[in-house]
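Here are my notes on this model, point by point. Please read them with the coordinates open.

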Amino acid sequence: FCGAGGAAMGSDIERAWAAGFFDGEGSVAVCRDGRPGRGVSLQLDIEQTDKRPLLRFAQAVGWTGNIVRREPRAPNRRVLYRVAMRNDQAVAAISALWPWLSEPKREQFSRAITLLRSLHAAA
């Protein structure tokens, strides 16, 4: 069994699993941060109600950031856990997953990079 912690960190099997997980659950987009001194950034996001798949994903792509816990926004909702990578971290994760990503996710990433470059060029 190659579950979380059962396979070598960063192995091809784990990266292939992470690519499939990201294909179904994640997204890449260009986001504008309205806080002073910040602009647009490339952002990779995945949210889940169970933290364990996010821990496995983070290990597979070599990410050491914090998985954020978000309290429910309504009484009938569950706690959500979120991986959010920006810029270089997002590019590194996508690069690690690239051989196993589906064409739609590759296209999503390419569109986001193109948009980000055009926004930076216009600034």
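1. Start with the contact between α1 and α3. This is a predicted model. In helix α1, Arg 15, Ala 18, Ala 19 and Phe 22 meet Ile 94, Ala 96 and Leu 97 of α3. By class, the residues of this contact divide into 6 nonpolar, no polar and 1 charged.

2. Next, the geometry of that pair. Two packed helices are described by the angle between their axes and the distance between the axes. Here the axes of α1 (residues 12-25) and α3 (residues 87-97) come within 9 Å. They cross at roughly 115°. That makes α1 roughly perpendicular to α3.

3. Now the sheet. Its 4 strands form an open sheet in the order β1-β2-β4-β3, with antiparallel pairing. The edges are β1 (26-32) and β3 (68-70). Each has a single partner strand, so one side of each is left without a neighbour in the sheet. From one strand to the next, the twist averages 35°.

4. The pairings can be checked one by one. β1 and β2 are antiparallel and share 7 bridges. Within that pair, Val 28 has Leu 44 of β2 as its bridge partner. β2 and β4 are also antiparallel, over 6 bridges. Gln 48 stands opposite Tyr 81 in β4. β3 and β4 (residues 80-86) run antiparallel and are joined by 3 bridges. The bridge partner of Arg 69 is, again, Tyr 81 in β4.

5. Two helices pack on this sheet. α1 touches β1 and β2 (40-48), and its direction makes about 95° with that of β2. Helix α2 (residues 51-61) touches β2 and β4. The direction of α2 makes about 20° with that of β4.

6. How much of β2 is buried? The count is 8 of its 9 residues, so β2 is largely enclosed by the rest of the structure. Leu 42 shows some of the surroundings. Leaving out residues up to four places away in sequence, Leu 42 touches, among others, Val 28, Ala 29, Met 85, Ala 90, Val 91, Phe 109, Ala 112, Ile 113 and Leu 116. Its contacts also include Arg 86 and Asn 87.

7. In soluble globular proteins, nonpolar side chains tend to be buried together. The largest nonpolar core in this model has 29 residues. Those with the most contacts inside it are Phe 22, Leu 42, Leu 44, Phe 57, Met 85 and Leu 97. Elements giving two or more residues to this core are α1, β2, α2, β4, α3 and α4 (103-122). The largest share, 5 residues, comes from α2.

8. On α2 itself: Leu 54, Arg 56, Phe 57, Ala 58, Ala 60 and Val 61 are buried. The buried residues of this helix pack against α1, β2, β4 and α3. Gly 62 follows α2 and has a positive phi, near 75°.

9. Last, a loop residue. Is Arg 77 buried or exposed? Arg 77 lies in the loop between β3 and β4. Its relative accessibility is 59%, over the 50% cut-off, so Arg 77 counts as exposed. Arg 77 and Thr 49 are 28 residues apart in sequence. In space, their C-alpha atoms are 9.8 Å apart.

Technical notes
Residues numbered from 1 in each chain as written. Predicted model: local features only at pLDDT ≥ 70, side-chain atom pairs only at ≥ 80, totals over all residues. Heavy atoms only, no water. Axes fitted to C-alpha atoms, helices over the stretch in contact; angles between N-to-C directions. Parallel < 35°, antiparallel > 145°, perpendicular 65-115°, else oblique. Contact = heavy atoms within 4.5 Å. Nonpolar A, V, L, I, M, F, W, Y, C, P; charged D, E, K, R; others polar. Pairing = 2+ DSSP bridges. Buried < 20%, exposed > 50% of the residue type's maximum accessible area, 1.4 Å probe, protein only. Core = buried A, V, L, I, M, F, W, Y, C linked by side-chain atoms within 4.5 Å.
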